[in-house]
Amino acid sequence: MQNDKLNRLAFKAGFFYIVGQMFIRGLTFLITPILTRLLTQAQYGQIRVYESWLLIMEPVMSLCLWRSVDRAKYDSGVDYEAYVSSVHTLSYFSIAGFFILALIFKSPFQAFTSMNDIMFYIAFLYVFGYTSILFLQRREKQMMRYRTSLLVTTLTIVPATLLSLVMIWLGRNMGLTERLVDLRVLGFYIPQIIGGLAVAILIWVQGRKFISKTNWISAVRYSIPLIPEALSIQIMNQSDKIMIQFLIGNEYTGIFSLGTTISYIIWVLEDSVWNAFLPWMYEKISRDEADEIEAPWLVLMHGFGLISWFITAAAPELVMILGSSKYHATIYLIAPMVTGTLFRFYSYIYTAVQNYNRKTQYVAAGTVGAMLVNIVLNYICILRFGYMAAAYTTAFSYFLLLLLQGILEKKLPAHG
C-alpha cells in the first residue's frame, strides 16, 4: 500500500510537472520563428550567446548550493524548509561577492563577454532571481508538489516572453534596429528578476531561518564539488556558440543557435521527465527498493531513442518553420546535436546515483574530463572544418561523458 501511494503521488506530481514544463519551455519554440524574422542572424546569435553566459555564470556564483536541496530531504534531523531558507541566504551572499568582484574588473569582464552596461547589470540581477527560483523548484520537486513551482514559473516566463516580443516589435517600428538586442534583454529578463526576488521573500518567510552554520557547512561540502560539474556541463552546452562567435562570427552563431533550439525540443522533454523521475528514484533508493528502478528507466531510454530519430527525420521541416530558408544549413546540424543530447540523458542515471551517495567528486571528475576534451576538439575542428564541426565534437564529448560516468559509478561501494 505504501508503494502504491508513493507511485500515485509520484505519477501525479510528475505528470503535472512535465505538462507544465513542456508548456512553459515550449514558448521558446513558439517565439523562435518570430525572433528569427524580426532579428538579423547576427542579433539572434548575440542573444543566444548572452543566454549562454548567463547559464555559465549562475552555477558558479550561486556555488550550486541549490543542488544540495535534492539530497537534504533524506538527511535525518533536518528541518527541510529551514534548510532551504538558510542555504538560500548563503547563495545570495556568494552572488553579491561575485558581483562586487565583477564591478572591480568591470571593463575586462564586459570586453571578454561582449556585454554592454545593460547586459552586465541585468545579468547579475537575473542570477539573483533565477537562483531563488531554482531553490523553490528543487524543494517542491523533492516534496512531489507542483502547484507553487508551476505558478511561479508561469507568472514569470509568460509575461517575459510577451513583453520581449512587444519591445522588439516597437523598437523596429521606431527605427531602433541597432538596439533590438538590448530591448530583448530588458523585456525578457526584468519580469523574471522581479518574480525571482518575490520567490526569495517567499522562501525566507516559509523557512523562517536566514543563517545556519550547520546547514551552510553541509550544503557547501555537498555542492562545491558540483560546481566544476555544473560549469563543465554548461561549457559543453554553450562553448560551441561562444567559440563560433569568437572564431568565425555572429552570423554563423545564429545558424548554429537555431540548431541548438531544435535539439532543445527533445532536451526539454528529457529534462522534464528526468526531474519528475528523480524524486521517485531517490525514494526507492532510500527504501532499499532500488531493484524496481531498472525497468522504467529502460523504457525511458528506448523511448527517447525513438523520439530522437523522429526529430532528426523531421529536421528539414522544423528548420523551415522555426527559421526560414536563410537557416537552411541548420538541417545538417540536427542529427549530431540530438544524438549528443541523448547521450547526456543516458548519463543522468549514473550522476544521480553518485549524488545520492554523496560522491559528488565523481560527478565532477567525469564532466570536467569530458568538458576539456570538448573545448580542445571545438577549437581544433572549428578552425579546420568550420562551424558545423562543433555539433559533432559536442556529441562525441557527451558520449565520452556517458562512458566516464558509467565507469565512475561502478566504483561506488554498493558495487563492491
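Trainee: How much of the protein is buried?
Mentor: Of the 416 residues in the protein, 57% are buried. Keep in mind that this is a predicted model.

Trainee: What does the secondary structure come to?
Mentor: The protein has 16 helices and zero strands.

Trainee: And the contacts, how far apart in sequence are the residues they join?
Mentor: Take the contacts between residues at least 6 apart in sequence: 83% of them join residues at least 24 apart.

Trainee: Can we look at a pair of helices? How are two packed helices described?
Mentor: By the angle between their axes and the distance between the axes.

Trainee: OK, helix 6 and helix 7. At what angle do they cross?
Mentor: Helix 6 covers residues 117-142 and helix 7 covers residues 147-173; their axes cross at roughly 155 degrees and come within 8 Å.

Trainee: What does that make them to each other, roughly parallel or roughly antiparallel?
Mentor: Angles over 145 degrees count as roughly antiparallel, and helix 6 and helix 7 are therefore roughly antiparallel to each other.

Trainee: Left-handed or right-handed crossing?
Mentor: Helix 6 passes helix 7 in a left-handed crossing.

Trainee: Which residues meet there?
Mentor: From helix 6 they are Ile-133, Leu-136, Gln-137 and Glu-140, and from helix 7 they are Thr-148, Ser-149, Val-152 and Thr-153. By class, the residues of this contact of helix 6 with helix 7 are three nonpolar, four polar and one charged.

Trainee: Stay with Glu-140 in helix 6. Is Glu-140 buried or exposed?
Mentor: The relative accessible area of Glu-140 is 3%, so Glu-140 is buried, the cut-off for buried being under 20%.

Trainee: What does the side chain of Glu-140 have a polar contact with?
Mentor: With the side chain of Arg-139, at 2.9 Å. Setting aside neighbours within four places in sequence, Glu-140 is also in contact with Arg-145, Thr-148 and Ser-149.

Trainee: Which other helix packs against helix 6?
Mentor: Helix 2 is one of them; helix 2 and helix 6 pack at about 55 degrees, with their axes 10 Å apart. That angle makes helix 2 oblique to helix 6.

Trainee: And the handedness of that crossing?
Mentor: Helix 2 passes helix 6 in a right-handed crossing.

Trainee: Who is in that contact?
Mentor: Helix 2 brings Tyr-50, Leu-54, Met-57, Glu-58 and Met-61. On the helix 6 side are Met-119, Ile-122, Ala-123, Phe-124, Tyr-126, Val-127, Tyr-130, Thr-131 and Leu-134. The residues of this contact of helix 2 with helix 6 divide into 12 nonpolar, one polar and one charged.

Trainee: Further along the chain now. How do helix 12 and helix 13 cross?
Mentor: The axes of helix 12 (residues 294-313) and helix 13 (residues 315-323) cross at roughly 65 degrees and come within 5 Å. Helix 12 makes the contact with Ile-311, Thr-312 and Ala-313, and helix 13 with Ala-315, Pro-316, Glu-317 and Leu-318. The classes in the contact of helix 12 with helix 13 are five nonpolar, one polar and one charged.

Trainee: Where is Cys-64?
Mentor: In the loop between helix 2 (41-61) and helix 3 (68-72). Cys-64 is buried, with a relative accessible area of 0%.

Trainee: What about Ser-114?
Mentor: Phi of Ser-114 is also positive, near 60 degrees. Ser-114 lies in the loop between helix 5 (106-113) and helix 6. Ser-114 counts as partly exposed, at 44% relative accessibility.

Trainee: Last one, distances along the chain. What does Ile-255 touch?
Mentor: Not counting residues up to four places away in sequence, Ile-255 touches Gln-41, Tyr-327, Ala-329, Thr-330, Leu-333 and Tyr-387. Ile-255 lies in helix 11 (residues 250-286) and, at 7% relative accessibility, counts as buried. Ile-255 and Tyr-387 are 132 residues apart along the chain, with 9.4 Å between their C-alpha atoms.

Trainee: And Thr-154, how is that one placed?
Mentor: Thr-154 is in helix 7 and counts as partly exposed, at 24% relative accessibility. The C-alpha atoms of Thr-154 and Phe-23 are separated by 8.9 Å, and the two residues are 131 apart along the chain.

Note on methods: Residues are numbered from 1 along each chain as its sequence is written. This is a predicted model: local features need pLDDT of at least 70, side-chain atom pairs count only at pLDDT 80 or more; totals for chains, interfaces and linings use all residues. Side-chain values use heavy atoms; hydrogens and water are left out. Axes are lines fitted to C-alpha atoms, for helices over the stretch in contact, and angles run from 0 to 180 degrees between N-to-C directions. Helices (H or I, at least four residues) and strands (E, at least two) are DSSP runs, numbered from the N terminus. Angles under 35 degrees count as roughly parallel, over 145 as roughly antiparallel, 65 to 115 as roughly perpendicular and the rest as oblique. A crossing is left-handed if the near helix is turned anticlockwise from the far one by less than a right angle, and right-handed if clockwise. Contact means heavy atoms within 4.5 Å. Ala, Val, Leu, Ile, Met, Phe, Trp, Tyr, Cys and Pro count as nonpolar, Asp, Glu, Lys and Arg as charged, and the others, Gly among them, as polar. Buried means under 20% relative accessible area, exposed over 50%, partly exposed in between (1.4 Å probe, protein chains only). A polar contact is a pair of N or O atoms within 3.5 Å; within protein, one must be able to donate a hydrogen and the other to accept it, and residues adjacent in sequence count only if both atoms are side-chain atoms.
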